[in-house]
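Subject: Structure handover

Hello,

Please find the structure below. My notes on it follow.

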Amino acid sequence: MNTPHLAAVPPAPAARVVDAVKVYGTAARGAVTAVTALDGVSVDFPSGRFTAIMGPSGSGKSTLMHCAAGLDTLTSGSAFIGDTELGGLDDRRLTLLRRERIGFVFQAFNLVPTLTVAENILLPQDLAGRRGDRGDAEWADALIDVVGLRDRLHHRPGELSGGQQQRVAVARALAGRPDVVFADEPTGNLDSRSGEEVLNLLGRAVRTMGRTVVMVTHDPVAAAHADDVVFLADGRLVGHLSDPTADSVLDRLKSLDRKNLDRKNFDRPGAPGRAEVPS
Ligand SMILES: Nc1ncnc2c1ncn2[C@@H]1O[C@H](COP(=O)(O)OP(=O)(O)OP(=O)(O)O)[C@@H](O)[C@H]1O
C-alpha cells in the first residue's frame, strides 16, 4: 500500500492582518487632515518565530502592532490571533483574548509599582484566576530563573534598574504562556548592555521555549535578534528579510529611505500614505 507523502505543513500564523487599513482623524467641519497610518497591509506573524517590524519614524509600526494585538481597531481589513478574528469580538471578549492569549512588553516597562517582582510576574495568572494551576506555577518558577530575578522576587520595581524592570516585564508577558508576545520598542529606554539582555531573553523565549514574539523596533541591532524582519514605509509593507544581520537591516533601511525620498519628490503634493482631506 502506498503511504501518502506528507509535505511539511508550516504552522498557522500566531497572528496576522489582512488588507489592514487604519485612518486616524476624520474630516470634521470640512477641514481636518485624516492620516492613513496603514494603507492595505497584509502580513503573517508565524508561530514559533521572532519577527521584527521596522521602518522609518511614522511608517505605521506601532499602529500595526496595536491593531494586530487588539489594542486598537482597524478602519477596514481584518486582524487575527490564531483563527480568531478580532473585529468580531465585543469589548469583553477582546479583553479576555488579550489577557489569555497575548503578552505585552512596552518601552516604559508598565509594571505595577506597588507590587513586588513576584506579584508583577504572576499578575496575568492572577487576573485569569489560574494561580493554582500546577503547570502554570512550574512555568512561572522556571521563568524566574530564565530572566535571572530569583534574588529580587520581593523587591518593588522602583528598587530595580531599567534593565531588570524590563526583564520582569518580559517574564510577566510570558507567564501566561500566551500565543504571541508583542513588544513595542522594548529596548528603547535601556542602555545597550541591558537592551542586549532583554533581546537575548526574547530570543530564548522563541528558540528554547517555543513562544512567538513580534517586536517593533527602529534599531537594526535589535532587529538582528529576530528570525524575520518586515519593513513598513508610509503605511505599506515594502520588504522582508529572513535571518537578518544588523548590516543587512541597515542596508535595507537606507535603500527604503532613498526610494521614499525619490518618490516623495515625484509625488508632491500629497505624498502616498497620507489621505489629505481638502478644506
Ligand atoms: N492617535 C493618532 N492620531 C492621529 N494620527 C496618529 C495617531 N497615532 C499615530 N498617528 C499617525 O499615524 C502615522 C503612523 O504612526 P505610528 O506611531 O504607527 O508610526 P511608527 O512607525 O510607530 O513611528 P515611530 O517610529 O516614530 O514611533 C504617523 O503619521 C502618526 O503621526
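In which sense do strand S3 (residues 50–54) and S8 pair, and over how many bridges? They pair in the parallel sense, over 4 bridges. Please keep in mind that this is a predicted model.

In that pairing, Thr 51 is the residue opposite Val 214 in S8. Strand S7 (residues 180–184) also runs parallel to S8, and 4 bridges join them. Here Val 181 stands opposite Val 213 in S8. Between S7 and S8 the chain passes through helix H6 (residues 192–207), and this β-α-β crossover is right-handed.

On the ligand: 13 residues surround it, and the closest are Tyr 24, Ala 37, Ser 57, Ser 62 and Thr 63. Strand S2 (35–46) and helix H1 (61–68) are the elements that give two or more residues to this shell. H1 gives the most, with 3 residues. Sorted by class, the shell around the ligand has 9 polar, 3 nonpolar and 1 charged residues.

Lastly, helix H3 (residues 117–127). Its buried residues are Val 117, Asn 120, Ile 121, Leu 122, Pro 124 and Gln 125. An α-helix has 3.6 residues a turn, so residues three or four places apart point the same way. Just after H3, Gly 129 has a positive phi of about 65°.

Regards

Terms used: Residues are numbered from 1 along each chain as its sequence is written. This is a predicted model: local features need pLDDT of at least 70, side-chain atom pairs count only at pLDDT 80 or more; totals for chains, interfaces and linings use all residues. Two strands pair if DSSP finds at least two bridges between them. A crossover is right-handed if, with the strands pointing away from the viewer, the path from the first strand over the helix to the second runs clockwise. A residue is buried if 20 or more other C-beta atoms lie within 10 Å of its own, exposed if 12 or fewer, and partly exposed in between; C-beta atoms are placed from the backbone. A residue is near a molecule or strand if its C-beta atom, placed from the backbone, lies within 6 Å of it. Ala, Val, Leu, Ile, Met, Phe, Trp, Tyr, Cys and Pro count as nonpolar, Asp, Glu, Lys and Arg as charged, and the others, Gly among them, as polar.
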